[in-house]
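Look at the sequence and the structure before reading on.

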Amino acid sequence: MPVEMTRQRFEELVSEALDELPPEFADAMDNVVVLVEEFNEESPTILGLYHGVALTERTHEYGGVLPDRISIYRRPLLQMCDTEEDVVEEVLITVVHEVGHHFGIDDARLHELGWG
C-alpha cells in the first residue's frame, strides 16, 4: 500500500535530504534548482531526473543558460514505499543520486557507491 503524505511534508523531506549533503558538495552545486513534481509524464515510474549540463562537462562557453533542474517525483516514491521511514530513505537516495549526476557521476558509479 503506498504511503499517504502531503506535498508539503514531501517537500520538507527533499529539503532535509539536501541539508544532509556534505557542505563541500552543497557549496559546489552551481546553477541548479531542485523541484518536486508529481511524476514524469514520459517515464511515470522514475523517481528523479537531472536535466542539464553536468559540472564536469561545462566549458568556458557555458553561461547565460537557465539553471539545471533536478526533479524529484513524489508519486512514484510514495508508491514504492510502505512507511514514512522508507520514504525518508528513498528520498535521500534519490536526491543524492540526482545531485551526483550534476557532478558528472554516471549511474553505474552511483550504484557502486550505494546511491542507486
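The text below takes the pocket, then the helix pair. The model is predicted.

**The largest pocket**

The largest pocket holds about 210 Å³ of space. Its lining comprises 13 residues. Nearest the centre of the pocket lie L21, P22, F25, V96 and W115. Helix 4, residues 84-102, gives the most to this lining, with four residues. The lining counts 11 nonpolar residues, one polar and one charged.

**Helix 1 against helix 4**

Helix 1 spans residues 7-19 and packs on helix 4 at about 50°, the axes 9 Å apart. That angle is why helix 1 counts as oblique to helix 4. The crossing is right-handed. On the helix 1 side, the contact uses R9, F10, L13, V14, A17 and L18. Helix 4 answers with E84, V87, V88, V91, L92, V95 and V99. By class, this contact has 11 nonpolar and two charged residues, with no polar ones.

The two sets of residues, by class:

| Set | Nonpolar | Polar | Charged |

Technical notes: Residues numbered from 1 in each chain as written. Predicted model: local features only at pLDDT ≥ 70, side-chain atom pairs only at ≥ 80, totals over all residues. Heavy atoms only, no water. 1 Å grid on protein atoms, 1.4 Å probe; cavity = no way out; pocket = protein on both sides within 12 Å on 5 of 7 lines; lining within 4 Å. Points joined across faces, edges and corners; volume = space filled by probe spheres on them. Helix = DSSP H or I, 4+ residues; strand = E, 2+ residues; numbered from the N terminus. Nonpolar A, V, L, I, M, F, W, Y, C, P; charged D, E, K, R; others polar. Axes fitted to C-alpha atoms, helices over the stretch in contact; angles between N-to-C directions. Parallel < 35°, antiparallel > 145°, perpendicular 65-115°, else oblique. Left-handed = near helix turned anticlockwise from the far one by under 90°. Contact = heavy atoms within 4.5 Å.
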